[in-house]
Amino acid sequence: MDTLLNEIKKQLELEGDSGAAPIVSLELFFNGNEEESSIGCNLLNHPGIDVFYKTLKKIKELDDVQDIFVEIYEVDEWPFSERIYILSKLNEKEIMDLLSVLEPSDISEGYEFSEPKVAPKLEIGMKVYSVWWD
């Protein structure tokens, strides 16, 4: 978890007052994470942290997906997230269908606050989709 916390701290310092929240890779967020409350905490039937990770990892491996990032909302026992970003050529409906087992609340295009400085450049045809749980 030290690597994850160090990355979050580094990004918070880099962003300053930009308003952008830290984003981290799936691997960094989920490696060693056993806290179901770290993502999707308001789900009545939480599928489990392993299902979140396996589902997102499978989506990330699709040809039409450039990457997936977890936005860090706050840090408690384990960093907490209520939003992910999917960089993809897929449309909103296709993404929501792929995520159905995770029961996301909604999806929209673009970064919620401002684009994080560490965000990768989008490949041709890719869009940023914000998916969240509330």
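Okay, let's start with the parts list: the chain has 4 helices and 7 strands. Keep in mind that what you're looking at is a predicted model. If you trace the chain from the N terminus, the elements come in the order α-β-α-α-β-β-β-β-α-β-β.

A few overall numbers before we zoom in. The C-alpha trace covers about 35 × 35 × 25 Å along its principal axes. For 134 residues, a compact globule would have a radius of gyration near 14 Å, and this chain comes out at 14 Å, so the two agree. Of those 134 residues, 43% count as buried. And if you take the contacts with a separation of 6 or more, 65% of them are between residues 24 or more positions apart.

Five strands make up an open sheet, and the order to remember is E1-E2-E5-E7-E6, with antiparallel pairing. At the edges sit E1, residues 23–25, and E6, residues 106–109, and each of these pairs on one side only. Going from one strand to the next, the twist averages 30°. Then there's helix H3, residues 49–60, which packs on the sheet and touches E2 and E5. The direction of H3 makes about 150° with that of E2.

So which strand do I want you to look at? My pick is E5, residues 83–88. How many of its 6 residues are buried? The count is 6 of the 6, so E5 is largely enclosed by the rest of the structure. As a reminder, side chains in a regular strand alternate between the two faces of the sheet. In E5, Arg83, Tyr85 and Leu87 are on one side, Ile84, Ile86 and Ser88 are on the other, and all of them are buried.

Who are the neighbours of E5? On the one hand there's E2, residues 65–71, joined to E5 by 6 bridges and running antiparallel to it. On the other there's E7, residues 127–132, also antiparallel to E5 and joined to it by 6 bridges. Isoleucine 84 is a handy landmark here: valine 70 stands opposite it, and in E7 its bridge partner is valine 131. Moving on from E7, we get to E6, and those two pair in the antiparallel sense over 4 bridges. Along that pairing, serine 108 stands opposite serine 130 of E7.

Let's switch to aromatics. Searching the whole structure turns up 5 aromatic pairs. One of them is phenylalanine 29 with phenylalanine 30: the ring centres are 5.0 Å apart and the planes are at 85°, so we call the pair edge-to-face. Are these two buried or exposed? Phenylalanine 29 and phenylalanine 30 are both buried. Ring pairs also bring in Tyr53, giving a cluster of Phe29, Phe30 and Tyr53.

One last stop, and it's a backbone detail. Most residues other than glycine have a negative phi. Glutamate 103 has a phi near 50°, which is positive. You'll find glutamate 103 in the loop between helix H4, residues 92–98, and E6. Its relative accessible area is 45%, so glutamate 103 counts as partly exposed.

That's the tour, thanks!

Methods:
Residues numbered from 1 in each chain as written. Predicted model: local features only at pLDDT ≥ 70, side-chain atom pairs only at ≥ 80, totals over all residues. Heavy atoms only, no water. Buried < 20%, exposed > 50% of the residue type's maximum accessible area, 1.4 Å probe, protein only. Pairing = 2+ DSSP bridges. Axes fitted to C-alpha atoms, helices over the stretch in contact; angles between N-to-C directions. Contact = heavy atoms within 4.5 Å. Rg over C-alpha atoms; globule rule 2.2 N^0.38 Å. Phe/Tyr/Trp six-rings, centres within 6.5 Å; stacked < 30°, edge-to-face > 60°.
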